[in-house]
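Dear colleague,

I am handing over a structure for you to look at, and below it I set out what was found in it. Please read the notes with the model open beside them.

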Amino acid sequence: MTCGADAGTVALRAGGGRVEMQAGAVVDVASAPEGGQAGFWSLQAGQALLAGSVLGQGVARGGSAQIDLGSLASFSTLNSLLDQGGFTEQRQVRVRSGDITVLAADRVDARRVNLTADAGRIAV
């Protein structure tokens with residue numbers, strides 16, 4: 001008998017500093033291939049360099065992500081990273097300074113989406 005397993009949680013926190021995920025780095029909160037629910041990835045930093053990949057695919061349910069940044073250079077780049085990783089359950093993106101711009105070409109594919117711009121605007 002083969003049994004699936006739910007994934008866990010990965011939290012990366014740098015306060016007002018910077019999180020750097022180098023090319024080739026992988027954050028994996030995907031479920032087991034045999035079944036289960038994907039996990040939760042949270043990122044809190046002043047800035048983030050996300051050159052690696054995140055995996056949040058799930059057999060029973062896709063992953064959830066909570067991103068809290070001081071500034072965000074490109075929502076489209078972050079959104080593509082989450083799309084490619086299978087984060088389809090929930091996406092929470094908070095930007096403390098600056099705007100969040102969702103371009104016409106962006107497809108935000110998650111069951112629940114929350115975008116917050118503390119000191120900026122949200123353009124969709």
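Throughout this message, a residue is called buried when its relative accessible area is under 20%, exposed when it is over 50%, and partly exposed in between, with a 1.4 Å probe and protein chains only. Please bear in mind that this is a predicted model, in which local features need pLDDT of at least 70 and side-chain atom pairs count only at pLDDT 80 or more, while totals for chains, interfaces and linings use all residues. Residues are numbered from 1 along each chain as its sequence is written, and side-chain values use heavy atoms, with hydrogens and water left out.

Helices (H or I, at least four residues) and strands (E, at least two) are DSSP runs, numbered from the N terminus. Helix 1 covers residues 75-85 and includes S76; its buried residues are F75, S76, L78, N79, L81, L82 and G85. S76 counts as buried because its relative accessibility is 15%, and its side chain makes a polar contact of 2.9 Å with that of D106. Here a polar contact is a pair of N or O atoms within 3.5 Å; within protein, one must be able to donate a hydrogen and the other to accept it, and residues adjacent in sequence count only if both atoms are side-chain atoms. If residues up to four places away in sequence are not counted, S76 touches L103 and D106, where contact means heavy atoms within 4.5 Å.

L103 itself belongs to the loop between strand 9 (100-101) and strand 10 (112-117), and it is partly exposed because its relative accessible area is 46%. Its C-alpha atom is separated by 6.5 Å from that of V124, which is 21 residues apart from L103 along the chain.

After helix 1 comes G86, with a positive phi near 85 degrees. F87 then sits in the loop between helix 1 and strand 8 and counts as buried, since its relative accessibility is 0%. With neighbours within four places in sequence left aside, the contacts of F87 include V29, W41, V54, L82, D109 and A110. F87 and G17, by contrast, are 25 Å apart in space, C-alpha to C-alpha, and 70 residues apart in sequence.

The salt bridges come next. Counting a side-chain nitrogen of Lys or Arg within 4 Å of a carboxyl oxygen of Asp or Glu as a salt bridge, a search of the whole structure finds 8. One of them joins the side chains of D83 and R91 at 2.6 Å, N to O; D83 is partly exposed at 32% relative accessible area, whereas R91 is buried at 3%. Another is formed by R94 and D118, whose closest N and O atoms are 2.8 Å apart. R94 lies in strand 8 (residues 90-95) and D118 in the loop between strand 10 and strand 11 (122-123), so this pair ties together parts that are 24 residues apart in sequence. A further bridge is made by the side chains of R121 and D99 (3.6 Å, N to O). This pair also links distant parts of the chain, with R121 in the loop between strand 10 and strand 11 and D99 in the loop between strand 8 and strand 9, 22 residues apart. Through salt bridges that share partners, D68, R94, R96 and D118 are joined into one network.

S31 is placed in the loop between strand 3 (26-28) and strand 4 (40-45) and, at 12% relative accessibility, counts as buried. A polar atom of the S31 side chain lies 3.4 Å from the backbone oxygen of G36. Leaving aside neighbours within four places in sequence, S31 is in contact with A5, A7, G36, Q37, A38, Q57, G58 and V59.

With kind regards
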